[in-house]
Structure formats: C-alpha cells, structure tokens
Amino acid sequence: FHKGQGALAFATAHPELLARCRAVLTLEHLPAREVRRGASGYEPTGRLQPVHVYASSHPSLLAAMWRTLDDVPPPFDVAVEQPLLGLPLSDVAGYLARSKEQDSGYPGRGGVPYLSWISAPLYLVDAADTPAMVGREHLAATVRTVTELVRRLMALP
C-alpha cells in the first residue's frame with residue numbers, strides 16, 4: 001500500500017495483464033467507521049466514513065458508477081470526482097502509471113480508465129486501524145453495491 005508500491009509491483013510483474021486491461025477498479029477501506037479526534041484519542045461519530053471515488057473521465061465507467069449508486073446505494077456517502085493530477089490518490093496510481101496505453105486518449109498518465117473507491121479514516125495505517133473499525137453490520141449492503149458495480153463494469157464493451 002505504501003506509495004502505491006503493491007500495485008506498481010503487480011503491474012511490473014504482469015505486463016500481459018496490462019496488455020488486456022480495459023478498466024481498473026480498486027476498493028479500499030470498506031466500510032470504515034468514522035471518528036473524530038478527541039481529548040482521549042479517537043471518538044466514534046456513529047457514522048461510516050464517507051467514500052471518494054476517483055474516476056477517469058471515461059463516459060461508460062462513469063455512467064455505470066452513477067447508475068449503481070442510484071439503484072443500489074451503499075450505507076455511506078459517496079462523492080465521485082476526478083483527481084486533480086490525473087491519477088487517483090490511492091494504491092492504483094502505480095498500476096495506471098505503468099499502463100502500456102500511454103496515448104490511448106483517456107485522461108491521466110496511465111491511459112487505462114479507472115474507478116478508485118477509497119475512504120481515508122483518521123486512523124488509517126495507525127494502531128487503531130483494526131478489524132473493529134470495520135462497520136460489519138454494513139458489510140452486506142456494501143457488498144450488494146460493489147457486486148452491482150462489478151456486474152455493470154463486466155458488461156461494458
């Protein structure tokens with residue numbers, strides 16, 4: 001995860017997959033409990049951490065994402081946005097940067113259209129980042145949303 005090294009190592013080791021890649025979907029930190037910093041550490045808010053979906057400006061991917069959120073909404077807030085520098089702020093950035101499709105017409109250095117679904121709770125990668133911070137009671141609803149999104153992405157040409 002650190003600096004996207006996992007995805008970069010995967011992309012470097014598997015160029016045959018990059019050659020066939022039509023889109024990339026990453027899912028990180030689902031569903032995470034939201035907290036605030038308090039006098040004695042993290043204090044739960046009782047809500048789930050909002051999610052950001054960094055998306056390339058690929059019309060079919062964006063349409064699949066929006067239709068999924070409308071039809072099978074997850075139990076947390078989702079913002080769909082395009083990253084300022086053309087690559088998402090997530091582990092997928094290294095993978096996309098290694099794409100062979102540098103000049104394919106898609107925005108971003110990598111050329112491969114992507115949806116990078118990520119939340120960034122305050123406790124991310126510190127000692128409080130434990131399985132207890134997963135909103136287990138919301139996993140089934142989250143899986144339904146993600147399953148529908150994958151189904152729609154698989155149906156794209």
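Modeller: In this predicted model, four strands form an open sheet in the order β1-β6-β4-β5, and their pairing is mixed. Its edge strands, β1 (24–28) and β5, each pair on one side only. Direction ignored, neighbouring strands of this sheet are turned by 10° against each other on average.

Within the sheet, β4 (residues 51–55) pairs with β6 over four bridges, in the antiparallel sense. Helix α3 lies across β4, β5 and β6 and runs at about 165° to β5.

The structure also holds two aromatic pairs. The rings of tyrosine 42 and tyrosine 123 have centres 6.2 Å apart and planes at 70°; because planes over 60 degrees apart count as edge-to-face, this pair is edge-to-face. Tyrosine 42 belongs to strand β3 (residues 41–48), whereas tyrosine 123 sits in the loop between β6 (114–118) and α5 (139–154), so the pair ties together parts that are 81 residues apart in sequence. Tyrosine 42 is partly exposed, at a relative accessible area of 25%, while tyrosine 123 counts as buried at 1% relative accessibility.

Phenylalanine 76 and tryptophan 117 form an aromatic pair that is likewise edge-to-face, with 6.2 Å from centre to centre and 90° between the planes. This pair links distant parts of the chain: phenylalanine 76 is in the loop between α3 (59–71) and β5 (78–81), and tryptophan 117, 41 residues apart from it, is in strand β6. Phenylalanine 76 and tryptophan 117 are both buried.

Conventions
Residues are numbered from 1 along each chain as its sequence is written. This is a predicted model: local features need pLDDT of at least 70, side-chain atom pairs count only at pLDDT 80 or more; totals for chains, interfaces and linings use all residues. Side-chain values use heavy atoms; hydrogens and water are left out. Rings of Phe, Tyr and Trp (its six-membered ring) pair if their centres lie within 6.5 Å; planes under 30 degrees apart count as stacked, over 60 as edge-to-face and the rest as tilted. Helices (H or I, at least four residues) and strands (E, at least two) are DSSP runs, numbered from the N terminus. Buried means under 20% relative accessible area, exposed over 50%, partly exposed in between (1.4 Å probe, protein chains only). Two strands pair if DSSP finds at least two bridges between them. Axes are lines fitted to C-alpha atoms, for helices over the stretch in contact, and angles run from 0 to 180 degrees between N-to-C directions. Contact means heavy atoms within 4.5 Å.
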